[in-house]
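Hi there,

Here is the structure I promised to pass on.

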Amino acid sequence: MSSVEIAASPSGGLITKALSGFFTVQDESGPVVCKVRGRLKRGPRDSDLATVGDRVTFVRLPDGSGMIDSVLPRTGALVRRRPSPKGRAARSGESEDRESVILANPDQAVFVFACADPAPHLGMLDRFLVVAEANHIPAIVCANKIDLVQAETARALFGGYATIGYTVIFTSAATGEGIEPLRARLAGKLSALAGPSGVGKSSLLNAIQPGLGISVRRVSQATQKGRHTTVHPELIPLAGGGWVADTPGIRALALHDIDPYELDGYFPDLLPFVSQCGFSDCSHKHEAGCAVQAAVARGEVQARRYESFLRIRAGQT
Ligand SMILES: Nc1nc2c(ncn2[C@@H]2O[C@H](COP(=O)(O)OP(=O)(O)OP(=O)(O)O)[C@@H](O)[C@H]2O)c(=O)[nH]1
Ligand SMILES: [Mg+2]
Ligand SMILES: [Zn+2]
């Protein structure tokens, strides 16, 4: 058997980077840049055919490049929703929302928000958590930039999520506080750091793994809207095992196929009361005998979370 034939026997790998049709695939022998075999590229969702986090079979070619033969079925995915550029959807007949997969096969999502600069949009965090619940992706809340606020302020903002049962990690990429617990949570897993732009996702990774040198936004740019320092998702190998995706800032995750009547199932804080409502199809909005509204009134459900529930249920963004 020639060495070429030996090299051509397909092996399994993980896509760690995806850029303009080129995919970096990692296996025990190291990374190799691959293309996807032509016959795999069909259908309207080409761009999402293979992406970061996908498990693939591939062959190493004599020229040092590689060819992806197949993409294994996904266990799940974290999908970003973004509006199409103006006019484009109308011209091409595409649907209004374009989606792209942030990370395939995630073991968990770490939703990063800043305590300040930018001020946290907790309604957005609530939506992210619903998407994670609906997709069965365990979620962790990371409250970064604690150095910018009083400890009580940070607790007042994010402590409620711990009460609900989410793991909340308070961090400062600037001082190093909370970095060790975050590192421990990431160990051995395939995780995505996701959140709005400028909250410090890349900075946190640099703190977790000194020497990475991922580019972060200069302070002078930090408050400028619409600027993203991280442009393409990339998987970073952790020294202690596992991979973490540094992703560009997002405002919205894809939230669809959720029946309004099932939404309460994705609020772990509302769920215990749902079965006690007078009507089985209670919307928890105005019905008499609604146990959820009663729990809000008693302070057993956070009013802010209940309001998020109503907003999402009404289809508001
Ligand atoms: N004070 C303080 N500043 C921080 C902290 N973490 C990050 N920053 C600053 O916040 C700015 C944005 O940080 P990035 O790491 O680029 O944020 P990002 O979330 O990766 O942003 P995108 O890549 O655009 O999505 C930079 O100026 C960082 O130096 C922190 O814990 N405390
Ligand atoms: Mg970044
Ligand atoms: Zn109800």
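**What I found**

Of the 317 residues in the protein, 35% are buried (a residue is buried if 20 or more other C-beta atoms lie within 10 Å of its own, exposed if 12 or fewer, and partly exposed in between, with C-beta atoms placed from the backbone). Please keep in mind that this is a predicted model, where local features need pLDDT of at least 70, side-chain atom pairs count only at pLDDT 80 or more, and totals for chains, interfaces and linings use all residues. Residues are numbered from 1 along each chain as its sequence is written, while chains are lettered from A and ligands numbered from 1 in the order in which they are written.

The secondary structure comes to nine helices and 13 strands (DSSP runs numbered from the N terminus: helices are H or I with at least four residues, strands E with at least two). Among contacts between residues at least 6 apart in sequence, 64% join residues at least 24 apart (two residues are in contact if their C-beta atoms, placed from the backbone, lie within 7 Å).

Just after α4, Gly165 has a positive phi of about 120°.

Next, the axes of α5 (residues 179–186) and α6 (residues 201–208) come within 10 Å and cross at roughly 90° (axes are lines fitted to C-alpha atoms, for helices over the stretch in contact, and angles run from 0 to 180 degrees between N-to-C directions). The two helices are therefore roughly perpendicular (65 to 115 degrees; under 35 is roughly parallel, over 145 roughly antiparallel and the rest oblique). Ile179, Leu182 and Arg183 in α5 meet Leu204, Ala207 and Ile208 in α6.

Lastly, Ser70 lies in strand β5 (residues 66–71). Ser70 counts as partly exposed because it has 15 C-beta neighbours inside 10 Å.

Best wishes
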